[in-house]
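Subject: Structure handover

Hello,

Here is the structure I said I would pass on. Please open it next to this email and follow along.

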Amino acid sequence: MSKIGKRPIKIPEGVTVTTEGSTVVITGPLGTLNFQTRPEVKVEIAAPLVKVTRKSDTKLAKSLHGVTRTIIANMIKGVVVKHQKTLEIVGVGYRAAKDGDNLVVNVGYSHPVIFSKIDGIDFETRENKIIVSGIDKAQVGETAARIRRIRPPEPYKGKGIKYLDEVIRRKPGKTIKTGPGV
């Protein structure tokens, strides 16, 4: 039995969880999220708890058991408190600003890069940081990764867009060889 999959999920106040066939619908103060479950797992809703069980002991069912429970738990958390990722911009003259709903990023190219608004995702800029937030954890992570891809951090000076807690492995620069015959 999956250690994560067998743990029940507590439903907080103000959140409703319903199933419509194989679709789990979660509604909370911040919005509504849907998740299509696989036929190998079953979602049971009992008053304050949600339990995920698997129908068989096949390898696929075992692998889906824990991940289904985690996705539903993240969705329940997301409709109460928004998920967020923080990106940091490192480099002289590198900056980001909001222009209406869009994000304008200046990171050393000859032109500013405009990142369009995505439904359900909010951008916030503070000093040299970009905060991406929303109720869907997967969508927040994907959006943050797409913003990071605009200018990933380079290994020599560390310039670029990186996650706040990311550690960049730095490479030493070239050295000048001195001695006889040089």
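Predicted model: local features only at pLDDT ≥ 70, side-chain atom pairs only at ≥ 80, totals over all residues.

Residues are numbered from 1 along each chain as its sequence is written, and side-chain values use heavy atoms, with hydrogens and water left out.

**Helix α1**

Start with α1, residues 59-78. Helices (H or I, at least four residues) and strands (E, at least two) are DSSP runs, numbered from the N terminus. How far apart are the end C-alpha atoms of α1? They are 29 Å apart. The expected span is 1.5 Å times one less than the number of residues.

Several α1 residues are buried, including Leu-64, His-65, Thr-68, Arg-69 and Ile-72. Buried means under 20% relative accessible area, exposed over 50%, and partly exposed in between (1.4 Å probe, protein chains only). An α-helix has 3.6 residues a turn, so residues three or four places apart point the same way.

**Strand β7**

Next, look at β7, residues 83-90. His-83 is in this strand. Is His-83 buried or exposed? His-83 has a relative accessible area of 7%, so it is buried. A polar atom of its side chain lies 2.9 Å from the backbone oxygen of Asn-74. Beyond neighbours within four places in sequence, His-83 is in contact (heavy atoms within 4.5 Å) with residues including Asn-74, Lys-77, Gly-134 and Asp-136.

Glu-88 is buried, at 16% relative accessible area. Leaving out residues up to four places away, Glu-88 touches Asn-128, Lys-129, Gly-160, Ile-161, Lys-162 and Leu-164.

**Helix α2**

Now move to α2, residues 137-148. Thr-143 sits in this helix. Thr-143 is buried, with a relative accessible area of 2%. Its side chain reaches the backbone oxygen of Gln-139 at 2.8 Å. Outside four places in sequence, Thr-143 is in contact with Phe-115, Ile-118, Ile-121, Phe-123 and Val-132.

Gly-141 is also in α2. Setting aside neighbours within four places, Gly-141 is in contact with Lys-85 and Tyr-163.

**Rings**

How many aromatic pairs does a search of the whole structure find? It finds 1. Rings of Phe, Tyr and Trp (its six-membered ring) pair if their centres lie within 6.5 Å; planes under 30 degrees apart count as stacked, over 60 as edge-to-face and the rest as tilted. Phe-115 and Phe-123 have ring centres 5.7 Å apart and planes at 80°, so this pair is edge-to-face. Both are buried.

Two charges sit over rings. Lys-85 lies over the face of Tyr-163, 5.5 Å from the ring centre. Arg-151 lies over the face of Tyr-109, at 4.2 Å. The test is NZ of Lys or CZ of Arg within 6 Å of the ring centre and within 35 degrees of the ring normal.

Last, find Glu-127, in the loop between β11 (121-126) and β12 (129-134). Glu-127 is exposed, at 79% relative accessible area. Its phi is positive, about 50°, although Glu-127 is not a glycine.

Best wishes

Key
Polar contact = N/O pair within 3.5 Å; in protein donor to acceptor, adjacent residues only side chain to side chain.
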